[in-house]
Amino acid sequence: MTNDLVRLKIVSNELEAEMVRSLLSTAGIESLQRYTDFGAGAVDGMPSGGGPREILVHAGDLDAARELVGSE
């Protein structure tokens, strides 16, 4: 993926992120997920396996991805 990535959605954990990515993949839309600082401080700065993740897609796929997952 190149630098034209945009945030599609923030989800609450890795499992939810992978479910969204699976849906996108079935429609031929590439995506990735990464930790977000959206909930910074929620666990007192201690790393955990969970926590909010953001789903990123190519800017050109954003509208189609939003249709699939219902993002604003």
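In what order do the elements of the chain run from the N terminus on? In this predicted model, the order is β-α-β-β-α, and the secondary structure comes to two helices and three strands. The chain has 72 residues, of which 26% are buried. Among the contacts with a separation of 6 or more, 72% are made by residues 24 or more positions apart.

The three strands form an open sheet in the order β1-β3-β2, and their pairing is antiparallel. Strands β1 and β2 lie at the edges, each pairing on one side only. Direction ignored, neighbouring strands of the sheet are turned by 30° against each other on average. The antiparallel strands β1 and β3 are joined by six bridges; one of the bridge pairs links Val 6 with Val 57 in β3. Helix α2 packs on this sheet and touches β1 and β3, with its direction at about 15° to that of β1.

Helix α1 comprises residues 14-26, 13 residues in total. From its first C-alpha to its last, α1 reaches 18 Å, close to the 18 Å expected at 1.5 Å a residue. Ala 17, Val 20 and Leu 24 are buried in α1. These residues cover an arc of only 65° around the axis, and they therefore lie on the same side of α1. Such an arrangement accords with helical geometry: an α-helix has 3.6 residues a turn, so residues three or four places apart point the same way. The cover over the buried residues of α1 includes β1 (5-11), β2 (31-35), β3 and α2 (62-69). Leu 15, Met 19 and Thr 26, on the other side of α1, are exposed.

Both ends of α1 show local features. At the start of the helix, a side-chain oxygen of Asn 13 comes to within 3.2 Å of the backbone nitrogen of Leu 15. Just after the helix, Gly 28 adopts a positive phi of about 80°.

In α2, the buried residues are Leu 62, Ala 65 and Val 69. Viewed down the axis of α2, they fall within an arc of 65° and so line one face of the helix. Elements covering these buried residues include β1, α1 and β3. Asp 63 and Glu 67 are exposed, and are carried on the face of α2 turned away from its buried side. Gly 70 follows α2 and has a positive phi, near 75°.

Glu 54 is found in strand β3, which spans residues 53-58. The relative accessible area of Glu 54 is 5%, under the 20% limit, and the residue is therefore classed as buried. The side chain of Glu 54 makes a polar contact of 2.6 Å with that of Arg 7. A polar contact of 2.6 Å also joins the side chains of Glu 54 and Arg 34.

Note on methods:
Residues are numbered from 1 along each chain as its sequence is written. This is a predicted model: local features need pLDDT of at least 70, side-chain atom pairs count only at pLDDT 80 or more; totals for chains, interfaces and linings use all residues. Side-chain values use heavy atoms; hydrogens and water are left out. Helices (H or I, at least four residues) and strands (E, at least two) are DSSP runs, numbered from the N terminus. Buried means under 20% relative accessible area, exposed over 50%, partly exposed in between (1.4 Å probe, protein chains only). A polar contact is a pair of N or O atoms within 3.5 Å; within protein, one must be able to donate a hydrogen and the other to accept it, and residues adjacent in sequence count only if both atoms are side-chain atoms. The expected span of a helix is 1.5 Å times one less than its number of residues. The arc is that of the directions from the helix axis to the C-beta atoms. Contact means heavy atoms within 4.5 Å. Two strands pair if DSSP finds at least two bridges between them. Axes are lines fitted to C-alpha atoms, for helices over the stretch in contact, and angles run from 0 to 180 degrees between N-to-C directions.
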